[in-house]
Amino acid sequence: MDVSRREMLAGAAKFLVLGFAAEAAADVPLAAPAQLPAYDPSQHWWGMTIDIDLCIGCGNCVRACSAENGVPDGYFRTWVERYHVKSGDQEHPKVESPDGAIKGFPPSTETNEKAFYVPKLCNHCETSPCVQVCPVGATFESPDGVVLVDTTYCLGCRYCIQACPYGCRYIHPERHTVDKCSLCYHRITQGLTTACCEACPTGARKLADLKNPKDPVHAFLRDNKVQVLKPHMATRSKTFYKDLDGSVR
Amino acid sequence: MAGGWRHARHLIVLALVVAAGLGAFLILRGAVVPAGFGKLGHYRAGAIDDNRRRPVSFAGQATCADCHDKQVEARSKGKHRIVSCEACHGPQARHADDPEKLKPVLPDTAILCRRCHEKDPAKPAHFPQVASTDHSGGAACNACHQPHAPKM
């Protein structure tokens, strides 16, 4: 816990007094109001596709995300895991992710086991537990399906961190508010792809617009064996994995 | 009748206290609930634009191609054609914005190539991989391979 007792109490007091808490600073603009490019959220529904059979574990996505979003050292909005599964032991995979794979992976020593990489990030769930538990409306799903954080409004109470079944959230060590993948909302709303997809050398990760009938995501979902993580959680995840092994949690 | 009035006064005082409390609550609430809260859902609508109002670090493939035909041309001849410029050169939006002012540092091939091509059983079998110590014996990868068109 890196939030001071005082901050914690102040947050609790605001919450008790106001019924739902609010930060007085919420209206302070982040920067000089730049001209934002025209964008119609009603025309989009964002998600991501990940092809396990193309991921080479280079860690480009982790480095790109970190650079694009100023992710603090030792924290990750996206990371890559390496799985080793002993023959016949699907329930006990060995999973490693040294420093989130920001420097890739050292060559592994085990050569006889099933092995593969799994990139992870916020699943941008349609019925997201993190949004449901936020007491102040500081985390929400945008009209185009991206789970975002209002940093001016977040208390740092950590409910959402506990609620996320995928471990995709952390408390920013300086801001003391929650932080997570924004699906590079500042990029995708001006026609660019996400930083991780831009840097992915094999096309293992691809940004998907499910509302665009011409998006290759539709063929991807139709023609492949596709899985979401933890389907039993019924979060309606929009991060779709192709060729995902059953040992992956 | 005097007794009746005394009792009514209790009710009026009570009503005034409730009204004052409600008024204070509404004023306080109006002051601290930010503009736009609830407009689109249980969140501050302005938070969407706050999330958009941020600078980019990766300019994107199309931007590099505007100025660097030579490298795009070289890359199109080999299998690195699917690898974006910034996958190897890192985020270069500030260079693309003002190339005179910010010249990119060229990547160190000793780290760069091995990250993608070092042999590992977790890599898909169809991906070209080498055990670098056997393959080049420590020689720089770009002593033999052209980074933009690596086939020899």
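A salt bridge is taken here as a side-chain nitrogen of Lys or Arg within 4 Å of a carboxyl oxygen of Asp or Glu. In this predicted model, that rule finds two salt bridges across the interface of chain A and chain B. One of the pairs that meet the rule joins R82(A) to D120(B), with 2.8 Å between the closest N and O atoms.

The interface as a whole can be summarised as follows.

| Feature of the interface between chain A and chain B | Value |
|---|---|
| Residues from chain A in the contact | 58 residues |
| Residues from chain B in the contact | 44 residues |
| Area buried between chain A and chain B | about 4200 Å² |
| Share of that area given by carbon and sulfur atoms | 60% |

On the side of chain A that touches chain B, the elements giving two or more residues are α1 (5-18), α2, β4 (114-121), β5 (139-141), β6 (147-149), α5 and α6 of chain A. The largest share of this side, six residues, comes from α2(A), and the residues of the side divide into 34 nonpolar, twelve polar and twelve charged.

Helix α2 of chain A, residues 60-69, is mostly covered, with eight of its ten residues buried; among them are N60(A), C61(A), V62(A), C65(A) and E68(A). The cover over these buried residues includes, from chain A, β2 (78-85), α5 (185-188), α6 (195-199) and β9 (205-209), together with α5 (85-89) from chain B. After the helix comes G70(A), which has a positive phi near 55°.

How values were computed
Residues are numbered from 1 along each chain as its sequence is written. Chains are lettered from A and ligands numbered from 1 in the order in which they are written. This is a predicted model: local features need pLDDT of at least 70, side-chain atom pairs count only at pLDDT 80 or more; totals for chains, interfaces and linings use all residues. Side-chain values use heavy atoms; hydrogens and water are left out. Buried means under 20% relative accessible area, exposed over 50%, partly exposed in between (1.4 Å probe, protein chains only). Helices (H or I, at least four residues) and strands (E, at least two) are DSSP runs, numbered from the N terminus. Contact means heavy atoms within 4.5 Å. Buried area is the accessible area (1.4 Å probe) that two parts lose on being put together, summed over both. Ala, Val, Leu, Ile, Met, Phe, Trp, Tyr, Cys and Pro count as nonpolar, Asp, Glu, Lys and Arg as charged, and the others, Gly among them, as polar.
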